Amino acid sequence: MFLVTIDERNGEFEYTHHMLVPSLIDFVDTQALEDFYGEGSVGDEEIKGFYWIYGERIARVASTQPLTDDETITLRKFL
């Protein structure tokens, strides 16, 4: 299991989101963003690693981190 961290910038505000993915095989940033924000939400143009989300805000996959089984169990309670 892997922890994916998403950075979002929306006007004057910045947010950090997290999601769990089972594998990084065939992992694509845009697909992870669509899984998080919804189908058809990610624009085609990349700007310094960020993608437009619904044309209103920008987001990127900031990092991926492998998790142990114990960490996965703990995080599933909160995510």
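The structure is a predicted model, in which local features require pLDDT of at least 70 and side-chain atom pairs count only at pLDDT 80 or more, whereas totals for chains, interfaces and linings use all residues. Residues are numbered from 1 along each chain as its sequence is written, and side-chain values use heavy atoms, with hydrogens and water left out.

In one of the salt bridges, the side chains of D7 and R60 meet at 3.3 Å, N to O. D7 belongs to strand 1 (residues 2-10) and R60 to strand 5 (residues 57-66), so this pair ties together parts that are 53 residues apart in sequence; helices (H or I, at least four residues) and strands (E, at least two) are DSSP runs, numbered from the N terminus. Accessibility is expressed as relative accessible area, with buried meaning under 20%, exposed over 50% and partly exposed in between (1.4 Å probe, protein chains only). On this scale D7 is buried at 17%, while R60 is partly exposed at 27%. A further bridge joins the side chains of R57 and E8 at 3.9 Å, N to O. Because R57 lies in strand 5 and E8 in strand 1, this pair links parts that are 49 residues apart in sequence; E8 is buried, with a relative accessible area of 6%. The side chains of R9 and E14 also form a salt bridge, at 3.6 Å, N to O, with R9 partly exposed at 34% and E14 exposed at 59%.

Strand 5 also contains A62, a residue that is partly exposed at 37% relative accessibility. When residues up to four places away in sequence are not counted, A62 touches T5, I6 and D7, contact being defined as heavy atoms within 4.5 Å. A62 and L33 are separated by 29 residues in sequence and by 11 Å in space, C-alpha to C-alpha.

The buried residues of helix 1 are A32, L33, E34 and Y37, and they pack against strand 1, strand 2, strand 3 (42-47), strand 4 and strand 5. With neighbours within four places in sequence left aside, A32 is in contact with M19, F27 and V61. Just after helix 1, G38 adopts a positive phi of about 120 degrees.

A search of the whole structure for aromatic pairs returned 1, formed by F36 and Y37 in an edge-to-face arrangement, with 4.9 Å centre to centre and 80 degrees between the planes. Rings of Phe, Tyr and Trp (its six-membered ring) are taken to pair if their centres lie within 6.5 Å, with planes under 30 degrees apart counted as stacked, over 60 as edge-to-face and the rest as tilted. Of the two partners, F36 is partly exposed, with a relative accessible area of 32%, whereas Y37 is buried at 13%.

Conventions:
Salt bridge = Lys/Arg side-chain N within 4 Å of Asp/Glu carboxyl O.
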